[in-house]
Amino acid sequence: MRRIPGAPFAAAPPEAPLLIVEKAKGALVIAAADPAARRLGLSPGLALAEARARVPDPLVAERDAAADAALVERIADWCDRYTPLVAEDGGQALMLDITGVAHLFGGEAALLEDCLSRLAAFGITARGAIAGAADAARALARAKPGSVVPAGHEAAAVRDLPVALIGLEAAATTALMRAGLKTIGDLLDRPRAPLAARFDADCVTRLARLTGLAHHPISPRRLVPVALAERIFFEPIARTEDIEATLAGLAADVARLLEKRGEGGRRFEAVFYRVDGHVRRIAVATTRPNRDPKAILTLFRERLAALSDPLEAGFGFDLVRLGSFETEPFAEVATSLDGRARAEDAVADLVDRLGARFGPEHVLRFLPQDTHIPERRARLVPVLAAAGEEGGWEEAVPAGEPPLRPLSLFDPPEPVEALAEVPDGPPLRFRWRRVLHKVARAEGPERIAPEWWRMADDTLDRDYYRVEDEEGRRFWLYREGFWGHEATAPRWYLHGLFA
Amino acid sequence: MDGKSTARACIEALRRQVAAIEAGAEGEGEAARRVALDRGAVDAALGGGLRAGMLHEVIPAAIADAPASSGFALGLALRAAAKGAPILWVRTRAAARETGFLHADGLAALGLDPARLVLVHLDGAVPVLSAGVDIARCTALGAAILELWGDPKALDLTSERRLLLAAEQSGVTVILLRPGARAARGGAETRWSVASGPARPLPMNAPGPPTFDLKLLRHRHGPPAGPWRLEWNRDEQRFQPPPLLRDPDAVPRFGSLAPDSRGALRRRAS
């Protein structure tokens, strides 16, 4: 496929051949050539220097692999409008599984025509073919674009195509050509066992796939939604109110579908197909399975309002879809009389809304970890991700004790200069962030040893002290290493602050 | 015809009864929505306790008192929240840089089950305030702490007023924790200045429970008051004046913690 040259090439004469070059083995080699160039005999694989010798001034552009891939991605996204099963096929092609969807577009031929003409309107020249087997469609799209082969007739359709289109490695293809097997039909006529023995076992599998005898499913790029609703507009919509009304309708549709399955979704994705081919996906997640259309709409409203890169309607959207993923069984529960279930739901809704607005990674909760190392005792995880994971927090503090762990921890601990009366005693004074603190009270040491199963060579035991300075502020300090055994000059760190 | 009008009159009477009951419940709610802090001087100055479902401002006396003010704010939240109700804490990255990350064990040591806490990490005052209004509207929350450092422009009288209105409507107590705040504006129900107070020494000269030196800088329904010294009693989840010390010099200079036969930490002389 080729994009019709835009602004950068506008100054050049239109008939000048266009070459896309890439570096190969230290030389610039033609990677792609436009029809004008191919008419002049400049084909891919030719060195640029030689091409320049033949045609004085071709238009030359360096190949941008990332941009190519991005373009194919965007086209693949756009192709979602035909079927949810879209797969990338070797970087330059797309495979669409249109089983059961063709009638929505007026038949297979009409679907192909619709797809290619819309792509042409975006300035993209594409070729396509439809067949009952993915491999046959691929070969036909290259050799006989536009063909629509009914299921079961693949063998006849691919008979006179060159063997190169089977998709074997270059060496294997050359071997077949040398043996005089030029077309796929030549291979099909021969018994399979000698073919496999002489050339490649792969050759036989590929022939079977090509003729539809072996099924080779495509692997779609995206998850297929469990419940999906869509709205197609003949008059594209662009106003925010229209978009919201559309989403409300779609949410109600999806909710109905989910209700039939007795499920609720944990993730919803709205896909906006712009008239100019741009596709935008916006997803929201929920803490519990949900199918309340109002709640879903609220989340989308939050998300749309908080997008750093707002939804650009441009000339409008002609297709809007809403799909539900990660569904879980969800029963309509009667709210209990004390309203407790409702309270939990209200908090979950708040978490969902904040997650939609700021991103789920900003709304967190603690999950306990089975360790005694203070900084690893708890893990902060997004509430959305940790829904359902319960951790038990044992009552660690005996009654009547002051807090033995600080309210806040520094990660990493901050080094302090400390002076102790005896090397293995509590500090007398310490300097933290340039302020000198004189210790009035201290308690310790509480020795916390590293876990031997994750001990690196330089991990030392820590002796923790709870200290209060003369101003009445409380700190959690530790000395690293035993004095005299592990460390000659023990280092002190401030690890936390008490309330 | 006659029957219809009697029915209508009956419904009207019932409506009036319902309205009266609702108004009564509301009135009772007003009275119940005060939480006692120390059952003493502080509650007297507040006119019978801290009003829940309001906006309260907590300001550390100095930046170094930020941890103490966090502890005090948490104490207020625990007092105001219904038992087991979730508590939401909104922090900014600046706060974590200054005072470190909240430590689950430390929260538990102050009496908050870490499973009750939802922590929201945001950047900048505008998101904190916009999230704050939504949070204050969520009736299912026990209390919310919004931590805002310095004097952000976004925090003006309007935004404080918005928070206050949301809190009043939902009944959620919102505590605005403002380390490094200089400007004093009048949006909140109360404004507290908190400094870390020297804790009551325990045997072996160990530091005691969290102790706060408080001043009531502003109170919508009364004059400023204080100073007071209160300590946080974790076991009963309330503030209390520190008990009088009998003989502070009778304790040895240093002590240490060692596990006893049951594995619990016990104080002993070193």
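Helices here are DSSP runs of at least four residues, numbered from the N terminus. Keep in mind that this is a predicted model. With that in hand, let's start with A:Glu302, which sits in helix H12 of chain A, residues 293-306. Is A:Glu302 buried or exposed? Its relative accessibility is 14%, so A:Glu302 counts as buried, the cut-off being under 20%. Leaving aside residues up to four places away in sequence, A:Glu302 touches A:Arg353, A:Ala356 and A:Arg357, plus B:Asp134 from chain B. As for A:Val284, it is 18 residues from A:Glu302 in sequence, and the two C-alpha atoms are 9.4 Å apart.

Now hop over to another pair of helices in chain A. The axes of H5 (residues 134-143) and H10 (residues 201-210) of chain A come within 6 Å and cross at roughly 85 degrees, which makes H5(A) roughly perpendicular to H10(A). On the H5(A) side, the contact uses A:Asp135, A:Ala136 and A:Ala139, while H10(A) brings A:Arg206, A:Arg209 and A:Leu210. Sorted by class, that's 3 nonpolar and 3 charged residues, with no polar ones.

Last stop: the sheet. It's an open one of 11 strands with mixed pairing, ordered E11(A)-E10(A)-E6(B)-E4(B)-E7(B)-E8(B)-E3(B)-E9(B)-E10(B)-E11(B)-E12(B). Strand E11 (378-382) of chain A and strand E12 (238-240) of chain B stand at the edges, each with a single partner strand, so one side of each has no neighbour in the sheet. From one strand to the next, the twist averages 30 degrees. Zoom in on strands E7 (residues 143-147) and E8 (residues 173-177) of chain B: they run parallel, joined by 5 bridges. B:Glu147, for instance, has B:Leu177 in E8(B) as its bridge partner.

Technical notes
Residues numbered from 1 in each chain as written. Chains lettered and ligands numbered in written order. Predicted model: local features only at pLDDT ≥ 70, side-chain atom pairs only at ≥ 80, totals over all residues. Heavy atoms only, no water. Axes fitted to C-alpha atoms, helices over the stretch in contact; angles between N-to-C directions. Helix = DSSP H or I, 4+ residues; strand = E, 2+ residues; numbered from the N terminus. Parallel < 35°, antiparallel > 145°, perpendicular 65-115°, else oblique. Contact = heavy atoms within 4.5 Å. Nonpolar A, V, L, I, M, F, W, Y, C, P; charged D, E, K, R; others polar. Pairing = 2+ DSSP bridges. Buried < 20%, exposed > 50% of the residue type's maximum accessible area, 1.4 Å probe, protein only.
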